[in-house]
Amino acid sequence: MNFGLQIDLIGWFALVTILISLHGLSRGSSNRLLGPRRAVVLLAITLVAVLAAVLWSAGDNNTLLAAIMILLGVATAPFSARRPRTLSLRAEQDSILNGLSLSTIGSGLAVALLGLTGWFETNYRLDNWDLRLIAVVSVFIGVWTFASGLMLWLRLNAYLPESTPTQMQQRVGFVVLAMALGLGLLAVLFPSFARFLMIVMVLLALELGALSAFGIAITQATRVLGRHLGLLGAAIAMLGYVQESLFLLAIGSLIMAGAIQYLYLRRTIKTRATDAPRN
Amino acid sequence: MDPVIALYTVLLATALGLSGFARSDTRRRGRGLLLASVLAGFIVVAAVSALVIATTIPGMIVTALAVLFSAQAATTALSLLWREIHTETRPPVPASKAGTEDAL
């Protein structure tokens, strides 16, 4: 049964409403027809509609389990999006950053678990190399994102000591990244030894997450989150390829575009504006 | 799926996203990050569709956990975006109620 097509059945309409919502949210309150609050409500309705379509088309296959897990996830969300004790703007911003790091932890875990499922549910010794590659990359991105989000959350709440980023930390980070990618590539090429290689790669990804969260000043926490959201977008696009869903491919690409815009392009525009000659 | 179709879709959606985000209000940098986080919450769709086609017991357990965490992430991201919009439209808080941090 091809679930990708079933996601896409309603996915095309969902994609249109998502783009309309993004338009309303990025324009702010200047848009009278679709203000930011209505746009958020539209996004939530779209998510519920797509989920309902997937559950409805699944018939009796684990539908009840899926519904229970969704409800449990929704019920735990208020703990990760807690309001600050004071009404100040600074406390509100810190609280949103805290919640964002917890949301990144959840998404990272989900991506890692889906990559793991993709590896073991398919016959990884016989299936195509592209499916193996996507499974390994998903596990790597998920574990790295989970570790970075966790370390950032611990640092934001002062559970970890302050650290000053050094050049040595960055070099070690690059070496660990190169080792993890090399091991992942070996796991794809030689699936017979993949179990051991993937365990070492996961340990290196945990190490990399700790390094990437420690190797920055805490004021740059949003940049780390932006980078990992972009990676999550890439993972979602790859999952869309595996599940043959153009909807997930498009959503993943939109996330990557948002992350690229946040990390690189906005700064370029700002720099251009300040560099412009004054008449 | 044909890799060429997948590549075209990715390129088109990325270009569309870049042009859309480039026209957004430059004063709200944080909202772009929250929007990306809300869109990342759509991974719950991939998790649910993986759960409903899972055939083995370990596969069901792992994908069920993926659904749990992704639903938590999606709801958190939507809730944070809602709060950010409320913060923007909220009238300024008097210094006496704003807590010691702002009062100082």
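Leu185(A) sits in helix α6 of chain A, which covers residues 167–189 (helices are DSSP runs of H or I, at least four residues, numbered from the N terminus). The model here is predicted, so local features need pLDDT of at least 70, side-chain atom pairs count only at pLDDT 80 or more, and totals for chains, interfaces and linings use all residues. Residues are numbered from 1 along each chain as its sequence is written, chains are lettered from A and ligands numbered from 1 in the order written, and side-chain values use heavy atoms, leaving out hydrogens and water.

Why is Leu185(A) called partly exposed? Because its relative accessibility is 48% (buried is under 20%, exposed over 50%, partly exposed in between, with a 1.4 Å probe and protein chains only).

## Helix α2

Helix α2 of chain A takes in residues 36–58. After the helix comes Gly59(A), with a positive phi near 75°.

## A serine in helix α4

Now to Ser95(A), which is part of helix α4, residues 89–121 of chain A. Ser95(A) counts as buried because its relative accessibility is 10%. Leaving aside residues up to four places away in sequence, it touches Arg82(A), Arg83(A) and Pro84(A), plus Leu80(B) and Arg83(B) (contact means heavy atoms within 4.5 Å).

## The whole chain

Chain A has 9 helices and 0 strands. Of its 279 residues, 51% count as buried.

Methods. Helix = DSSP H or I, 4+ residues; strand = E, 2+ residues; numbered from the N terminus. Expected span 1.5 Å × (residues − 1).
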